[in-house]
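My notes follow in the order I made them.

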Amino acid sequence: MEYISCSDPRVWGCSDARTIQNAIALAKQEGCDQVMIPRVNARTGETVWHIDENIVLPSSMTVILSGAYLRAADDLPVHVFCTELSQEELHDIRILGVGEATIDGGAWTRENRPEYYHEQAPEQYPDGCDYDLISLFNVRNFEVANLCITNAKHYSTCFTFCRFGRIHDLHFRNYATVENQDGIDLRYGCEFITIENITGVTGDDTVALNAIDEAKTNRERVAGKALGIHDITIRNIIASTHACSLVRLLNTDGAKLYNITIENIKDTGKTISICAVFFGTPAPVWARKRMHTEDEFYNITIRDVSTCAVFGIRFAESCRDVLVENIHTYGNCVVPIQFSKPFTCQNFTLRDVYLRSDTPLRAAISVSCDREKLRNFRMERVYVENAEYIFAEQELPVADLTYEPPVKGYLTEQFSKTQLPYYGRYFKHSLGKIIENRTPDNRFGGTTPPEADY
């Protein structure tokens, strides 16, 4: 047989999750290594597959969701698909959708985020990472594709110590009902991975490269493997987030982040994103011992970014050998480009930049970093429109600077944070605190948006 179908009575179990797990076991037994989950659940007659326990994938396994709708149980820490936390590398695992295939995280009925309960009573409540809908660990050669993912209780997808993989054609419908509704998270030790063709709305960062060496974590490590993330391509991200970033880059404590290409990033403006690309970890709150150095964050290319986020692109930490080009801001962008402490660099080029907003900008480029620590720093071909000033706080040298009246030139006064709008990230809480000072123009406060295919 080419595959084992979950409609096959031989695999029916006491639950939908057990039925799928039985199909995986039979596929391995018969040597076809492929399972198909159909739209209609023949065991129950329903068009929803109810997942109340982890579905664990072995090596050499392909799962095809043929128009199937899989829904995780409410409030339970469930990985719809995951692998064992094995020290021995798994291989050749694929989760592929056909037609309108959907993974639904189910409802979160509590008043706060999963991490909040874990922090208050860790022995009683699981950590947030136990709720990731797809979680692959220590896998070589993998693919996750052609899925709609909605209502995540934590990360929609998470990959740790994974390499040689492709994550593509995912559509997200996450409306910040719970904190940390990231779309795609690459955690420790990921390498040689392509992420492309990502659409929709995420409650937190759409794509995050997260090489943070956490002091307290229940995330497993692989002996002998480095924690860094490298050789990653991220392209064709057409989405928006709830006051987070379309692409986020983070690393600390010696975990390296390098050889990263980010291209064709489009902010749709369906929600209020804080950044198109957030470059670095600007505060030491995530560092166990220290923040990263220039030699630990390098060879980064960012090109073809169009954004209406509050901050277009934010550069916030040490780096070297960076190229950023073809950047366009529009819409309700407040600070198109920001260089903030502790940003330093060696060999940094920003060129072909078009900065504008529908409402007049106070300043197009905010500079609060230490200019003395910018070595071989170049800005070329910058165009500024509909702004009062070009620079806030400090100025930087620009080759081929063009601006339209009434731009006055350089603003060297302090750029007050009170000039920036405040957007609460979540419906009720942020980091365990109730959000009270929302702005009137908060498109994601109060009610859940209708299910819309954007």
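The entries below cover a helix first and aromatic rings after that.

**Entry 1: the model.** I am working from a predicted model.

**Entry 2: length of α1.** I looked up helix α1, residues 16-30. With 15 residues at 1.5 Å a residue, α1 should span 21 Å. I find its end C-alpha atoms 21 Å apart, which agrees.

**Entry 3: the ends of α1.** At the start of α1, I noted a side-chain oxygen of Ser15 within 3.1 Å of the backbone nitrogen of Arg18. After α1 comes Gly31, with a positive phi near 80 degrees.

**Entry 4: burial in α1.** Which residues of α1 are buried? I listed Asp16, Ala17, Thr19, Ile20, Gln21, Ala23, Ile24, Leu26 and Ala27. An α-helix has 3.6 residues a turn, so residues three or four places apart point the same way. I then asked what the buried residues of α1 pack against. The partners are strands β1 (4-5), β2 (34-38), β3 (49-51), β4 (61-66) and β5 (69-72).

**Entry 5: aromatic pairs.** I moved on to the rings, counting pairs with centres within 6.5 Å. The count comes to 19 aromatic pairs. Phe164 belongs to strand β12 (residues 163-173) and Phe192 to strand β14 (residues 191-202), so the pair ties together parts 28 residues apart in sequence. Phe164 is partly exposed, at a relative accessible area of 40%. Phe192 is also partly exposed, at 37%.

**Entry 6: another pair.** For Phe348 and Phe377, I have ring centres 5.3 Å apart and planes at 10 degrees, so this pair is stacked. It links distant parts of the chain, with Phe348 in strand β24 (residues 345-355) and Phe377 in strand β26 (residues 374-384), 29 residues apart. Phe377 is buried, with a value of 12%.

**Entry 7: the cluster.** I checked which aromatic cluster holds Phe348 and Phe377. One cluster is formed by Phe279, Phe297, Phe315, Phe339, Phe343, Phe348 and Phe377.

**Entry 8: charges over rings.** I noted the charged end of Arg110 over the ring of Tyr117, 5.5 Å from the ring centre. The charged end of Arg248 sits over the ring of Phe278, 3.9 Å from the ring centre.

Terms used. Residues are numbered from 1 along each chain as its sequence is written. This is a predicted model: local features need pLDDT of at least 70, side-chain atom pairs count only at pLDDT 80 or more; totals for chains, interfaces and linings use all residues. Side-chain values use heavy atoms; hydrogens and water are left out. Helices (H or I, at least four residues) and strands (E, at least two) are DSSP runs, numbered from the N terminus. The expected span of a helix is 1.5 Å times one less than its number of residues. Buried means under 20% relative accessible area, exposed over 50%, partly exposed in between (1.4 Å probe, protein chains only). Contact means heavy atoms within 4.5 Å. A polar contact is a pair of N or O atoms within 3.5 Å; within protein, one must be able to donate a hydrogen and the other to accept it, and residues adjacent in sequence count only if both atoms are side-chain atoms. Rings of Phe, Tyr and Trp (its six-membered ring) pair if their centres lie within 6.5 Å; planes under 30 degrees apart count as stacked, over 60 as edge-to-face and the rest as tilted. A charge sits over a ring if NZ of Lys or CZ of Arg is within 6 Å of the ring centre and within 35 degrees of the ring normal.
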